[in-house]
Number of protein chains: 2
Amino acid sequence: MASLNVGIIGLGTVGSGCAEILIKNRELVRAKAGVDIRIKKIADLDITRDRGLELKGIPLVTEAMDIIRDPDIQVVVELIGGTTKAREYAEEAITSGKHLVTANKALLAEAGVHLFELAQKANVCIGFEASVAGGIPIITAVKDGLCANYIQKLLAILNGTSNYILTQMQRHHKSYQDVVQEAVRLGFAEDPPTLDVNGTDVCHKLLILLALFYGKWFSMDEIYREGIQRITPQDLTFADEFGYRVKLLAIAKAQGEGLEARVHPVMIPKGHMLAGVEEAYNGIYIEGDFVGPTLFYGLGAGRRPTGSAVVSDLIAIARRLSSGQREFPYCLGSQPLNNLRIKPIEEISMPYYFRFQAQDKPGVLSKISGILAHYQISIASVIQKGRVLHGSVPIVMLTHEAKESAVKKAIKEIDTLDVVSDATVAIRVEGGEGAE
Amino acid sequence: MASLNVGIIGLGTVGSGCAEILIKNRELVRAKAGVDIRIKKIADLDITRDRGLELKGIPLVTEAMDIIRDPDIQVVVELIGGTTKAREYAEEAITSGKHLVTANKALLAEAGVHLFELAQKANVCIGFEASVAGGIPIITAVKDGLCANYIQKLLAILNGTSNYILTQMQRHHKSYQDVVQEAVRLGFAEDPPTLDVNGTDVCHKLLILLALFYGKWFSMDEIYREGIQRITPQDLTFADEFGYRVKLLAIAKAQGEGLEARVHPVMIPKGHMLAGVEEAYNGIYIEGDFVGPTLFYGLGAGRRPTGSAVVSDLIAIARRLSSGQREFPYCLGSQPLNNLRIKPIEEISMPYYFRFQAQDKPGVLSKISGILAHYQISIASVIQKGRVLHGSVPIVMLTHEAKESAVKKAIKEIDTLDVVSDATVAIRVEGGEGAE
């Protein structure tokens, strides 16, 4: 094999990064892959816009099928995003006997089980390093590096936009809305950044990691998710006083056949390695039964880091083909491990942070704590400072482990009290026992 | 292929961990590898000692050659350490057409170039995930995950024993000797832990990482190395006051054909992710030209994490064989990139921390700073507190970037001053620009 011929569908951010690496690092890629990796053709709806790339000699086409049907192309790189056209192209590429490389987490979350089955039948690879945490080689790390372990715990910051927002809110005491507006203006966030902040994007990535861990594709509606939209700078300040940082996390915990899998804001101790993952960085904390605690850190998005991940998949395919491999059963790297079932979040117990917004009157704390006691929710510490905000004061608490279902009922009841002026903010607490 | 047959040479710490995983996680390993991985035979000089393993059915032998000559064994796992016998067994295994898995960094540092050539000729794999940073899948991460990048910078904590010692000294203000004695007593360190604390072990691992980065095996004598034996708790306290932590680091920086590669204690800012890597943990900070900054964290040694790394290599080999691969040119994953040459440390400039032990007399600071000025070493800040220690006071400085050769000359001259009572302690400063 003299070279690997690649067709790229989608010359947006990631497509441009991928092309840039293959052009600029051509010698390096050859030294690593053993063969040349050549871009045979690029498809994009817009073939005139300048991407700052020297594409001389590479044909640009507007029709994705021109790439998929090209008999000289061995690998189709799908980088258009979305799930309709992307799925059509991915399926068409696979059934045409092309290897597929994709950065599309939404596509894998929705159709992973189907695409991997299709790929197995067609005997082709699917490379998806770029689909989770961009520059962090977490797919390889989990699929290959940690493969001797039963993964017992995952705590992961997988969305750079929401981590950037939380970091800015915490550092500069700015409101969620102000930070989002600024991030949109600076081009750091989409307008509006809905899927980034509401947990959907993180959930897509969690589903991919669960498939790698346990060989099974779960579905979106099995995963509880909650975003960061209701967090205030005040909550981040209280968290700081209690010794915590607030992060939007993907969480998985496995024990026997019971699996916790969820996406929501979390308070983690400042001493935990994940607390130091700031700005747009991603951080992935994994505990395996033999390896113990591990952490992987880097940029989760962007043209260059995500391009690096796409090209690593291309190099892997080039190596496989040029070392004579003709069967590709290990794209996912795991057969189903056991009958894991995701526990409803109502069954899970954890410590909680509550911020009640209440009138500054005698007896308020007694009413609230009475309701908590009724639901067996035990208070670990309280801050009540009497700062007046919109005519009400925050009462802030950390609880001991409390059952989610009880917490929901208690909050519902507390929020109907006439001395309580605003919906209660609740943030779950994690990571007390983990790495420093 | 129904199963992969493995022979383990050396049933010490790592060998026991490897066997334990293959036995306890047998189902999981099969789900990940696609086939059974069976321990066909184990060789150790001591075949009677109880390792807390249920080895029923697995023959124990005292002769390593019984494994190497066994025609049913496809992979030889060398876990005896040392470089004499280990090298003999490794060579014999490879030339007998067996794949080799090893945790032996000293062997690879000494004979890597030779063993990989031999393996290429014999068309077998060498797996060495366990040779660097135990549980952190750094070999896979670099070889596969980051392979699209030219690696520009490495800062790495690669020795758990020395990191444990520095952490204890810093936290409890204990002397180097006291901590070492305690660590030896608790079984955390060898007696004496010479290769762990003097930079030799770290240097072995650095050579392996350089081979992965640049496709070239450098030799021990090209790498400047210095250990942690002269660091005092006082230095750690001063470092803390300046906003730094002290770590024993492997460092590599590449620019064009010039390469810095060295092992020595380093002061890094407390905000750098590596500063949070404490106790016996390892942390590896890597910057690639496209991926940007990344960090990998986990346990660098121990039966279970290192066993996990060994088994990941076995699973990789099982996958390759069972997917029909019959050629193995990518064990190292890189051909030589260019004519990289390691710069002598004398040519390198960096900021420095100095602790001078001097008599508490007028004019001392003037004499010292005069000599520094003579060698063009510019002072950034000074602490002189007049605490008397053995009749002398510490004068502590941070410098701006200074050339190593100038620093050596200046210190030599300063140490001959009759007002200076003890050899000057100098610690290089790194990581000002890096990740938080």
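In strand β5(B), B:H99 is the bridge partner of B:V75. This is a predicted model, in which local features need pLDDT of at least 70 and side-chain atom pairs count only at pLDDT 80 or more, while totals for chains, interfaces and linings use all residues. Residues are numbered from 1 along each chain as its sequence is written, and chains are lettered from A and ligands numbered from 1 in the order in which they are written.

Strands β4 (75-78) and β5 (99-102) of chain B pair in the parallel sense over four bridges, where pairing requires that DSSP finds at least two bridges between two strands. Helices (H or I, at least four residues) and strands (E, at least two) are DSSP runs, numbered from the N terminus. The open sheet has six strands in the order β3-β2-β1-β4-β5-β6 (chain B), with parallel pairing; its edge strands, β3 (60-61) and β6 (126-127) of chain B, each pair on one side only.

On this sheet packs α12(B), touching β1 (3-9), β2 (36-43), β4, β5 and β6 of chain B, and its direction makes about 145 degrees with that of β1(B). Such angles run from 0 to 180 degrees between N-to-C directions, and axes are lines fitted to C-alpha atoms, for helices over the stretch in contact.

Turning to the neighbouring chain, 57 residues of chain B are in contact with 57 residues of chain A, contact meaning that C-beta atoms, placed from the backbone, lie within 7 Å. The largest share of the side of chain B that touches chain A, nine residues, comes from α12(B).

Methods
Contact = placed C-beta atoms within 7 Å.
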